[in-house]
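This report walks through a single protein chain.

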Amino acid sequence: MPVTHPAGDHRRPPLADLVVALAGTLFVLAGAAGLVPALSGVALAVAGGCALACVRLAWLAGAPPTTAGPDAPAPDPTRRAEGDLVPAGQHGPNPPVARDPARPARARTGRQVRRAALTRRVATILDAAVLAAGLTVAVLPLTDPAHRLPVALAGLAVAAPLYAVALLRLPGRSRLTGAERLRRAVDVLGLGLSLVFAGWVLLPPGEVPSVARTASVAGATGLAVLLVAALANRRRRPGAARCQAGAAATLAGLALLVVLLAYRAPDRAVLGVAPLLLVGALLTASGARRSAAGERPRPGGFPVAWPGLTAPAGIAALAAGHHLWTVGEFTGTAVALGLAVIPPMVLRELLTAADQRRRVARLAAREARLRDLVGDDRPAGPASTMAPVDRAGLLRELARRTGGALLVIDLHAPDGRAVEAPVLVQVTGRIRAGCGSTDLVARLADHEFAVLTDVGPVLAFALGTRLLAALGAPYPRPAGAIRLQVGVGLAETSGGDAEDVLRQADLARRRAVQLGRDRVEWYDAYLEEQLVRRLDLERELPGAVARGELDLVFQPVLALADRHPVGTEALLRWRSPVLGTVLPDELLPVAADLDLVGEVGRWVLDRACRQLAAWSGGGRELWMAVNVTPRELAAPDFVTRTATALAAYDVPPERLVVEVAEPAVGAELSTVVARLAGLRSLGVRTALDDFRAEHASLAQLRRLPIDLLKVGPHLVGPATEGQRPLIEVVANLGDRLGLEVVVEGLESEAQVAEARRAGCRYGQGFALARPATAERVEAWFEEFPAAPR
């Protein structure tokens with residue numbers, strides 16, 4: 001059965017790439033050892049990589065619109081990751097059966113269609129560039145020595161413009177600001193001049209062939225442009241960065257080949273171009289596949305400045321040292337080129353310093369906004385201000401000390417009110433009692449304290465743990481004992497100046513508060529990135545529904561007996577043009593804090609019902625599961641809204657399944673029971689997701705009016721000696737309660753077989769089918785005979 005090409009794991013090379021790289025290495029070694037002619041070794045080493053890359057690029061170029069574009073992003077790093085539909089036991093690059101071109105793509109926007117078409121055109125051009133480079137090397141052993149240089153020049157002349165056109169047309173390019181263009185130009189100038197200088201002094205002494213000089217200068221310039229672009233795009237557009245790095249390696253290999261042939265170098269010297277061309281071809285194909293799947297920006301910090309500063313200096317210094325060792329003197333042109341490297345480096349240093357000043361200002365502004373938007377748990381009024389004397393004294397002491405750690409302690413009363421003065425007196429006593437004689441205790445706000453200690457990280461964490469236990473104990477008072485929730489943030493005092501250390505400890509405190517308090521959190525750079533990321537999410541999410549940025553992908557649910565589809569699960573994705581693809585685990589907590597869960601949930605329900613209506617007909621009665629939170633279910637109009645959505649699209653209610661996660665049900669059990677009962681009265685089926693098979697879960701299960709029970713792969717595994725497998729126990733429980741059991745997250749054939757053996761009827765996971773867009777799922781459904789389930 002035709003299937004779509006697997007998206008693969010972008011964090012490690014596919015097996016085919018490793019095999020091709022190993023084979024290429026063996027051919028190069030064989031050529032160096034004289035076991036095969038050197039040029040034949042180069043041709044064979046490069047041929048495998050170029051052939052594999054050309055096949056992948058040709059598949060991307062010929063794939064239908066539903067197999068690429070932003071609706072098919074790279075796999076998510078979760079068990080419900082997106083990817084291509086790959087039924088168990090079937091793999092390969094075969095595209096799906098061609099669809100009727102007149103059939104409308106219901107869920108795709110015009111922008112997505114244009115992106116898919118652009119991706120196919122770019123893949124075609126890149127395929128031609130890789131093919132040109134591969135053929136250039138492949139024909140060398142068959143070419144007369146006098147004609148090899150023109151062949152290499154022709155290959156370089158063809159591949160370079162093809163790469164330039166393709167890279168300029170890659171999806172996802174954004175307009176650079178004036179400052180970014182200036183910084184990019186300075187980086188290119190500095191790196192380019194250092195490479196030109198290196199090429200100039202590393203060429204053999206004596207008369208230099210004009211072709212070799214031209215190739216080295218042009219190659220150095222192009223290499224600088226491509227490497228700077230790849231470095232700049234490595235996080236925001238990792239697919240484009242791989243393509244640019246691949247182009248750099250390929251064109252550098254061809255330029256080196258021209259130089260070697262111009263000097264009539266021995267054939268064995270040509271072996272040096274094989275690794276560049278092989279790696280370049282594989283990187284080009286890998287980057288194109290990732291770009292076609294939809295760029296998902298990598299989380300990361302600020303732009304890396306050191307390559308722009310140190311790379312030119314390092315390259316120029318190494319080249320000059322080698323020249324001095326082998327030749328001993330420089331020509332006037334070489335001296336001028338070497339000196340020309342210095343001004344761009346100085347300018348880059350000035351730009352970096354200016355960037356650093358702006359970054360500090362932005363961090364200060366973000367810190368101020370974080371207090372209001374990210375996790376500002378301080379009550380309004382005087383308690384929200386720092387005590388000037390205490391804070392100033394703490395900063396002076398921080399500046400004086402050279403080691404130790406700073407703890408910032410947050411106190412929170414159960415009712416959210418300010419902590420009473422008599423209780424604060426007890427708090428102060430407990431803090432002083434828990435600290436050492438040399439520790440400094442400062443009060444930062446009505447409910448916030450700081451402790452500055454000289455001990456190292458391990459003992460500082462132990463101190464934080466002791467204070468957490470002491471401050472969390474009950475506080476006696478006339479109206480009755482009270483408990484406080486406590487969060488502690490820790491930062492080492494060696495992490496910067498006094499203001500930085502205080503800010504870092506406070507950010508760690510905020511993290512402890514966000515995670516529910518009653519914990520100690522260390523500061524690290526990733527923590528700050530998370531908080532800034534959270535701020536960005538809160539800024540961008542409002543209005544995302546109106547802007548059309550939300551999307552659904554669908555993961556099929558299969559009958560384990562015959563591997564035929566019986567339904568799908570709708571999975572939410574936020575395609576933010578600023579933040580990239582955002583998954584529900586990150587989106588929903590922010591939506592809850594911004595009170596947007598209802599808006600997002602209404603969109604999901606409406607889009608799911610619309611897609612169910614689009615899949616109607618042909619005798620296929622597939623159902624679709626939609627995830628909801630207890631907070632959504634608690635809305636008084638949830639059942640009414642569901643009935644309205646079903647009626648609006650004329651969808652039979654039994655084809656909709658409403659899922660709620662079992663771990664979140666406990667606090668809202670009575671409300672959840674009432675809403676699920678209301679849904680079942682409409683004919684809508686209900687499901688309990690993430691069932692844990694614990695004692696409390698079993699007691700809860702008997703109260704919930706559900707039709708399906710969804711369990712994770714952790715239940716599918718070897719049984720303890722003398723006991724039945726846990727999945728078999730759950731399957732039998734489902735039978736007794738009249739529930740169908742769906743095992744989700746199945747990642748291997750062994751898990752699928754075990755789930756079926758236990759008596760589970762349905763399964764879901766990568767081993768069966770990956771999540772994909774509506775069109776791709778529909779195309780895959782058409783491979784199966786229509787049969788109601």
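## A helix pair

In this predicted model, helices α5 and α10 cross with left-handed geometry. Helix α5 covers residues 178-202 and helix α10 covers residues 332-340. Their axes come within 8 Å and cross at roughly 155°. Angles over 145 degrees count as roughly antiparallel, so α5 is roughly antiparallel to α10.

Which residues of α5 meet α10? On the α5 side they are Leu193, Val196, Phe197, Trp200 and Val201. Their partners in α10 are Thr333, Ala334, Leu337, Gly338 and Ala340. By class, this contact has 8 nonpolar and 2 polar residues. Charged residues are absent from it.

## The chain as a whole

The protein chain has 789 residues, and buried residues make up 50% of them. Its secondary structure comprises 25 helices and 14 strands. The accessible surface comes to about 34900 Å². Carbon and sulfur atoms account for 61% of that surface.

How many of the contacts join residues at least 24 apart, among those between residues at least 6 apart in sequence? The share is 77%.

## Two buried positions

Thr250 sits in helix α7. That helix spans 238-262. Is Thr250 buried or exposed? Its relative accessible area is 2%. The cut-off for buried is under 20%, so Thr250 is buried. Neighbours within four places in sequence aside, Thr250 is in contact with Ala133, Tyr163, Leu276, Leu277, Gly280 and Ala281.

Val566 belongs to strand β7, residues 565-576. Its relative accessible area is 0%, and Val566 is buried. Leu622 lies 56 residues away along the chain. Even so, the C-alpha atoms of Val566 and Leu622 are separated by 5.2 Å.

Some backbone angles deserve a check. Most residues other than glycine have a negative phi. Arg264 has a phi near 50°, a positive value in a residue other than glycine. Arg264 lies in the loop between α7 (238-262) and α8 (273-292). With 76% relative accessibility, Arg264 counts as exposed.

Asp518 also has a positive phi, about 55°, although it is not a glycine. Where is Asp518 placed? Asp518 is in the loop between α15 (498-514) and β5 (519-522). Its relative accessibility is 44%, so Asp518 counts as partly exposed.

Arg761 is in the loop between α24 (749-757) and β14 (762-763). Is Arg761 buried or partly exposed? At 44% relative accessibility, Arg761 counts as partly exposed.

Which residues is Arg761 in contact with, leaving aside its neighbours within four places in sequence? They are Leu558, Ala559, Leu560, Glu740 and Val741. One of these, Leu560, is 201 residues from Arg761 along the chain. The C-alpha atoms of Arg761 and Leu560 are separated by 5.8 Å.

Definitions and conventions: Residues numbered from 1 in each chain as written. Predicted model: local features only at pLDDT ≥ 70, side-chain atom pairs only at ≥ 80, totals over all residues. Heavy atoms only, no water. Axes fitted to C-alpha atoms, helices over the stretch in contact; angles between N-to-C directions. Helix = DSSP H or I, 4+ residues; strand = E, 2+ residues; numbered from the N terminus. Parallel < 35°, antiparallel > 145°, perpendicular 65-115°, else oblique. Left-handed = near helix turned anticlockwise from the far one by under 90°. Contact = heavy atoms within 4.5 Å. Nonpolar A, V, L, I, M, F, W, Y, C, P; charged D, E, K, R; others polar. Buried < 20%, exposed > 50% of the residue type's maximum accessible area, 1.4 Å probe, protein only. Areas by Shrake-Rupley, 256 points an atom, 1.4 Å probe, with all protein chains shown as cover.
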